[in-house]
Amino acid sequence: MNKQSKKFLADLINSISPSGYEGPVAKVWKAEATTFASRVWTDTHGNSHAVVNPGGSPVVMLAGHYDEIGFQISYIDDEGFLWIQALGGWDPQIAQGQRVQIMTKKGVVRGVIGKVAIHMQTPEDRKKVSEIKDLWVDVGAKNKADAEKMVEIGDPLVIASGYEEMANGLAVGRAFDDRAGAFVVLEAARQLAKLSPKAEIHAVATVQEEIGLRGAQTAAYGINPDIGIAVDVTFATDHPNMGEARKRENLIELGKGPVLTRGPNINSKLFDLLVKTAKAEKIPVQINAEPRGTGTDANALQLNRSGVTTALVSIPLRYMHSPCELISLKDLELCSKLIAKTVEKVTPRTNFVPF
Ligand SMILES: [Zn+2]
């Protein structure tokens, strides 16, 4: 991956932007988009758009969500401790004992998610699983009034952990779900700007996916695309303790290329075109079966208006919804290349009626 792209990816990961508060990451994404796209803007819901080859046909929407899971302050107690609610799907065991960054009007406030020390827990306490409602944030405030000088009800927060590179081309960070997808759709659009596509391409960084595919729904309605490709992360199953899932699900490995989903949520002809293109370009792909609507923007895309030709290209990721989400940088490059090369082949005459 070249230096410019790597810096773009790191800046995306390091932006504090949970669902509903995507402002900081939108700034990073749009700054990059304006270096090559014909038109770049943010809609009233917060989705950011970058258009390549305006006036082309058909209209292709590439969607990657740029929100992340986080928390929101819902109560400040008399002692100055902050009580929180989840923005998105949390494993509360992961959140405990973490440092957090709270996004306030005045800037970032540091805090920690506290927990009673192991020494002070009864044997029963030690076996108990905590829930989000048991978690509090400590910002070092003296009391309620002191805390209220630092934060307000409704301020969002995320775990304090940023982008880092590891061995063998892997990278770790929070929010690879799904800044990795927002990265891939813009990189694909960047490549398409240098190719000669017939299609008009809308790369869209969508909001609020983690709380119900909300941004993709409004963006797709506005764009009214013929074709939609969602890019999200998916579970790599190449690590210990996968248990029964190993027997039910196909093995998905980091660094082995894009994951293409087959199932009712996916247009079979667009799936075939992706596979054919991967073969021609010598891009390895991994196949995943999903017998229902996927839990991704692909679901919102397909069900837009009278139906959209939809595919899902996924990036393998270990340890989803944790501060140590692990991905392979090579997979990101392969995903954007596969999408660019596939979209390049689509013409106004390409027939995607599935049967
Ligand atoms: Zn997620």
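The protein chain divides into domain 1 (3–68 + 174–345) and domain 2 (70–159), with bounds that come from an automatic or database domain assignment. The model is predicted: local features need pLDDT of at least 70 and side-chain atom pairs count only at pLDDT 80 or more, whereas totals for chains, interfaces and linings use all residues. Residues are numbered from 1 along each chain as its sequence is written. Between the C-alpha centres of domain 1 and domain 2 the distance is 32 Å. Twelve residues from domain 1 and 14 residues from domain 2 make up the contact, two residues being in contact if their C-beta atoms, placed from the backbone, lie within 7 Å. The side of domain 1 that touches domain 2 comprises five nonpolar, four polar and three charged residues; here Ala, Val, Leu, Ile, Met, Phe, Trp, Tyr, Cys and Pro count as nonpolar, Asp, Glu, Lys and Arg as charged, and the others, Gly among them, as polar.

Pro18 lies in the loop between helix H1 (3–13) and helix H2 (23–33); helices (H or I, at least four residues) and strands (E, at least two) are DSSP runs, numbered from the N terminus. Pro18 is buried, with 24 other C-beta atoms within 10 Å. A residue is buried if 20 or more other C-beta atoms lie within 10 Å of its own, exposed if 12 or fewer, and partly exposed in between, with C-beta atoms placed from the backbone. Leaving aside neighbours within four places in sequence, the contacts of Pro18 are Asp67, Glu68, Ile69, Gly70, Leu87, Pro156 and Val158. Of these, Pro156 is 138 residues away in sequence, and its C-alpha is 7.1 Å from that of Pro18.

Strand E13 (residues 227–235) has eight of its nine residues buried, so it is largely enclosed by the rest of the structure. Strand E3 (residues 59–65) runs parallel to E13 and is joined to it by four bridges, while nine bridges join E13 to the parallel strand E16 (residues 309–317). Strands are taken to pair if DSSP finds at least two bridges between them. Gly228 of E13 is the bridge partner of Met61 and stands opposite Thr310 in E16.

A nonpolar core is a set of buried Ala, Val, Leu, Ile, Met, Phe, Trp, Tyr and Cys residues joined through C-beta atoms within 7 Å. In the largest, of 71 residues, Leu62, Ala63, Val185, Ala189 and Ile201 touch the most other members. Helix H6 (residues 176–194) gives the most to this core, ten residues.

Helix H11 (residues 329–345) has 17 residues and reaches 25 Å from its first C-alpha to its last, close to the 24 Å expected at 1.5 Å a residue, the expected span being 1.5 Å times one less than the number of residues. Its buried residues include Leu334, Leu338 and Ile339.

Two cis peptide bonds are noted here. One joins Ser57 and Pro58, with omega about -5°; Pro58 lies in the loop between strand E2 (48–52) and E3. Another joins Asp177 and Asp178, with omega about 5°, and Asp178 is found in H6. In the loop between E2 and E3, Asn53 has a positive phi, near 55°.
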